[in-house]
Amino acid sequence: MFGIFSQLYITFLYQPIYNVVIILYNHSPGPNLGWAMVMLALIVRLLMLPLTLRGYRTDHLLEESARDLREMENDTNLAPQEKRNKITAYLRAKGINPTSEIISVIAQLLFLAVLYQVVQHGITPEGYNMLYSFVKHPIGDLNTVFFFNVNVATRSVLYSAIAAALLFVEQLWEYESKKNIPEATFSERWYPLLLPIFTFILLVFLPATKAVFLGTSILFSLGVRTMFTLGSIGKSKK
């Protein structure tokens, strides 16, 4: 049974992602594995853009609906099951779907797990046997030296710090959007600010490709959030 799952994992997850990485490497400036990771992060975020926008919309609607939700939660005339049904109906009427953001996070975590294996085991000529027939084999070892002369196939404190700093900016933005909401719990307000610290600790022990991928992904996210916020402000003024 394990052999079947292992084969399915290789055929439908590892091998496709591995081939995409090599294709992007072949067409990247240099070519260079660092640029391949930048391109890969942008492609992944573009593919997941509908879920990302839906998640931002959900957050925006939850912020607007926070007071109504608290009133329903504190309504002593309703039984617990009635409260849940009323809140569920309210959220559904508002078009709020909190699960979209969860799906996005799970998908990204799964992708990063596969990407870790690709970088660990597939960027040497010995791993090229996993390439599809139409994918060109890179010549020799992959070029893994990126900005600041960092080998992205190895650990990098510098890249980990940069990615964690970008994550801190993103989480700070998230905090600013919730700090004035009296209904937000302590963890909703403050826990996200601890995420960059744990992320930095984790990235330090991983190849720098993860930091490049994550940093690019966060920059993309900040750009999308900026456009979404400006669009929401424009609609509010109208």
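**Before starting**

The model is predicted, so local features are described only where pLDDT is at least 70 and side-chain atom pairs only at pLDDT 80 or more, while totals for chains, interfaces and linings use all residues. Residues are numbered from 1 along each chain as its sequence is written, and side-chain values use heavy atoms, with hydrogens and water left out.

**The whole chain**

The chain has 8 helices and 2 strands, arranged along the sequence as α-α-α-α-α-β-β-α-α-α. Helices (H or I, at least four residues) and strands (E, at least two) are DSSP runs, numbered from the N terminus. Of the 238 residues, 39% count as buried; buried means under 20% relative accessible area, exposed means over 50%, and partly exposed lies in between (1.4 Å probe, protein chains only). The accessible surface of the chain is about 14200 Å², and 67% of that surface belongs to carbon and sulfur atoms. Accessible areas come from the Shrake-Rupley method with a 1.4 Å probe, and for residues only the protein chains shown count as cover.

Next, colour the chain by pLDDT, the predictor's confidence in each residue, from 0 to 100. The mean pLDDT is 80, and 79% of the residues reach 70 or more. Residues 180-186 have pLDDT below 50, and this stretch has 13 contacts in the model beyond near neighbours in sequence. A contact means heavy atoms within 4.5 Å. Among contacts in the chain with a separation of 6 or more, 72% join residues 24 or more positions apart.

**The largest nonpolar core**

Select Tyr-18, Val-21, Leu-33, Leu-40 and Tyr-159. Within the largest nonpolar core, which has 36 residues, these five touch the most other members. α1, α2 (33-47), α5 (99-121), α6 and α8 (208-237) each supply at least two residues of this core. A nonpolar core is a set of buried Ala, Val, Leu, Ile, Met, Phe, Trp, Tyr and Cys residues joined through side-chain atoms within 4.5 Å.

Stay with Leu-33 and show its surroundings. Leaving aside neighbours within four places in sequence, the contacts of Leu-33 include Val-21, Tyr-25, Ile-123, Leu-142 and Thr-209.

Select Gln-15, in helix α1 (residues 2-26). Is Gln-15 buried or exposed? Gln-15 counts as buried because its relative accessibility is 17%. Not counting residues up to four places away in sequence, Gln-15 touches Ile-10, Met-130 and Tyr-132.

Move on to Pro-31, in the loop between α1 and α2. A cis peptide bond joins Gly-30 and Pro-31, with omega about -5°.

Select Leu-110, in helix α5. Leu-110 counts as partly exposed, because its relative accessibility is 45%. Leu-110 and Leu-13 are 97 residues apart in sequence, and their C-alpha atoms are 9.4 Å apart in space.

Then select Gly-122, in the loop between α5 and β1 (145-146). With a relative accessible area of 1%, Gly-122 is buried. Which residues does Gly-122 touch, not counting those up to four places away in sequence? Gly-122 touches Tyr-14, Tyr-18, Gln-117, Gly-127 and Tyr-128. The C-alpha atom of Gly-122 is separated by 9.7 Å from that of Asn-19, 103 residues apart along the chain.

**The loop between β1 and β2**

Select Phe-148, in the loop between β1 and β2 (150-151). Phe-148 has a positive phi of about 60° although it is not a glycine. Phe-148 counts as exposed at 64% relative accessibility.

Phi of Asn-149 is near 60°, a positive value in a residue other than glycine. With a relative accessible area of 67%, Asn-149 is exposed.

**A nonpolar patch on the surface**

Together, Trp-35, Phe-147, Phe-148, Leu-158 and Ile-162 form a nonpolar surface patch with about 510 Å² of accessible area. Patches are made of residues with over 30% relative accessible area and no salt bridge: like charges are joined within 9 Å, and nonpolar side chains (Val, Leu, Ile, Met, Phe, Trp, Tyr) within 5 Å. A salt bridge is a side-chain nitrogen of Lys or Arg within 4 Å of a carboxyl oxygen of Asp or Glu. Leu-158 is found in helix α6 (residues 157-178), and Leu-158 is partly exposed, with a relative accessible area of 40%.
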